[in-house]
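Here is a short briefing to keep beside you while you look at the model. Take it topic by topic, with the structure open in your viewer.

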Amino acid sequence: VLTLSENAVSKSGSKYSLRLCYFGDIDNIWSVTYPYDPDTNERAMLATNGVDFVQKWGGTGCCVDLTAYPNYCQNICSFGSIGYHHIFCTSVYDTGSAINFRQTIDISDAGALTWTRGDYYEIIDKEYELKGIVPLRNNLAIYSTNSISIASIGTAVEPLIVNENVVRNIGTPSIKTVVDTGQYHIFWSGKGIYSFDGIQTNNLSKGNEQYITKNVNILYQHLSFAMHLPEQTLYCLFLPWQDSRVPNMCIVFNYTTGQWTFWTFKYMANVAMQIMAQGEYIKTYSPTWEELTGNWNSKDMRWSDLIVGENFSRMVFGDTNGYLYEYSDDYTTDSTFGITSSITTKDYPLNKLESEFRLLETVLQLRLKESPTGYYTPATLTIRASVDAGRNWTAWQTVTLDGNEQYMEKKVNWNMLGKHCRFEIAFSNPLIIETFRIGFNAQYKSLNFVN
């Protein structure tokens, strides 16, 4: 839950324009969109929480009520080219009649932040509440709790053309879980993780559904959300796990390889984070004369080098304490606490037909890189194993890399049953390796009891 504070302290050079508090009085998540504002010829930010008037922020000052739209709405989305875009408000509460129209979409005037025409569309199926709209290629995907419809921009007379309920009995409890990969959507249905290409859905979580649905807190899954890491082709779903009322478990699915893993985030000396929201920002910095100190002779860079304009966005998390965190693979500390470097392998399938797999031992083969002072060897190496896609791990086992051998072979013993295995290896110090191989020995027991 985000609570906007109008009397937020303004700080020069701050990255954030709003003070965000994630424990409010109303159990809603803010929905944000960035339409073109013809009054300023710039993009504006519109935000709604479902219980207040839509808020508008134009880049300076505080948010103000968007009085041009008289109602409340649960979700807001903008779509279309500049000069002919529309703003879509879903699950509308009409302030005049005091009635909640859960299946209604209010549509703005073309290319404007006004609703003078009074255009709207009402989904025929009134049983399920609309959760929101997400662009899908050149169309719009309209999600309810138990259906998906497809829409396209129409004419001035009929601004929205809808093909209703192209998917039935599958929807989402939270529009924040829907991620656009560019060609199709990935989303959380409340019972599993699915893809949707505009025509049909595909269950991506086969084999993991029972484990996920058994542990997710369904009373609070409407607070779940997802983030997309396109460079790694990862769909990262944050769910309230077990008895937690806020998302505290991240289920990670690689939609290219089909691999799964499970993340938890820590802060402040290994304390678990409870993440309520995720966003992005791009860092920009343009210094002024007054901000520079020293003299010209002390400057060893060009003026243009001082101006920072990144071409990529940074991921930001917000937790239940109201703190903001920047996510990056390159960081070496978590809130000043050191991060131990580690390598996590893929899942190795080890099934044989009608056989039970037992992992017995792992063999590590290392060839250390030669240096002028000898072979650089860390004091220890630790390893652990998982046979259920990283949901559960063994205790860490320590492997001592002793001596200055260029090649060494170490064995680690296990006794585990599963369908596949993965390993995580951590180092106490930086490690330079020429080659590194992992082998493992397994035992198969026939499960065929037919005489």
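The notes below start with the overall picture and then move to strands and aromatic rings.

Please keep in mind that this is a predicted model. The protein has 451 residues, of which 43% count as buried. Its secondary structure consists of one helix and 43 strands.

**Overall picture**

- Among contacts with a separation of 6 or more, 55% come from residues 24 or more positions apart.

**The open sheet S9 to S12**

- Four strands make up an open sheet with antiparallel pairing, and their order is S9-S10-S11-S12.
- Which strands lie at the edges? They are S9 and strand S12 (120-122), each of which pairs on one side only.
- On average, neighbouring strands of this sheet are turned by 25 degrees against each other, with direction ignored.
- Seven bridges connect S9 with strand S10 (residues 86-94), and the two pair in the antiparallel sense.
- If you want a spot to look at here, find Phe 79, which stands opposite His 86 in S10.

**Strand S15 and its partners**

- Strand S14 (residues 139-144) pairs with S15 over four bridges in the antiparallel sense, and a hairpin of two residues joins S14 to S15.
- Within this part, Leu 140 has Ala 151 of S15 standing opposite.
- S15 also runs antiparallel to strand S16 (residues 160-168), with six bridges joining them.
- The hairpin from S15 to S16 passes through six residues.
- Ile 153 has Leu 160 in S16 as its bridge partner.

**Aromatic pairs and a cluster**

- How many aromatic pairs does a search of the whole structure find? The search gives 13.
- One of them is formed by Phe 53 and Tyr 72, an edge-to-face pair with 5.0 Å centre to centre and 75 degrees between the planes.
- This pair links distant parts of the chain, 19 residues apart: Phe 53 belongs to the loop between strand S6 (45-48) and strand S7 (55-57), while Tyr 72 is in strand S9 (residues 72-79).
- Phe 53 has a relative accessible area of 30%, so this residue counts as partly exposed.
- Buried means under 20% relative accessible area, and Tyr 72 counts as buried because its relative accessibility is 19%.
- Phe 253 and Trp 260 form a tilted pair, at 4.7 Å centre to centre and with 45 degrees between the planes.
- Phe 253 and Trp 260 are both buried.
- One aromatic cluster brings together Tyr 143, Phe 187, Tyr 194 and Phe 196.

**Arginines over rings**

- Where does the charged end of Arg 391 sit? It sits over the ring of Tyr 211, 4.1 Å from the ring's centre.
- Arg 384 lies over the face of Trp 393, with 4.5 Å to the ring centre.

Conventions:
Residues numbered from 1 in each chain as written. Predicted model: local features only at pLDDT ≥ 70, side-chain atom pairs only at ≥ 80, totals over all residues. Heavy atoms only, no water. Phe/Tyr/Trp six-rings, centres within 6.5 Å; stacked < 30°, edge-to-face > 60°. Buried < 20%, exposed > 50% of the residue type's maximum accessible area, 1.4 Å probe, protein only. Lys NZ or Arg CZ within 6 Å of the ring centre and 35° of its normal. Pairing = 2+ DSSP bridges. Axes fitted to C-alpha atoms, helices over the stretch in contact; angles between N-to-C directions. Contact = heavy atoms within 4.5 Å.
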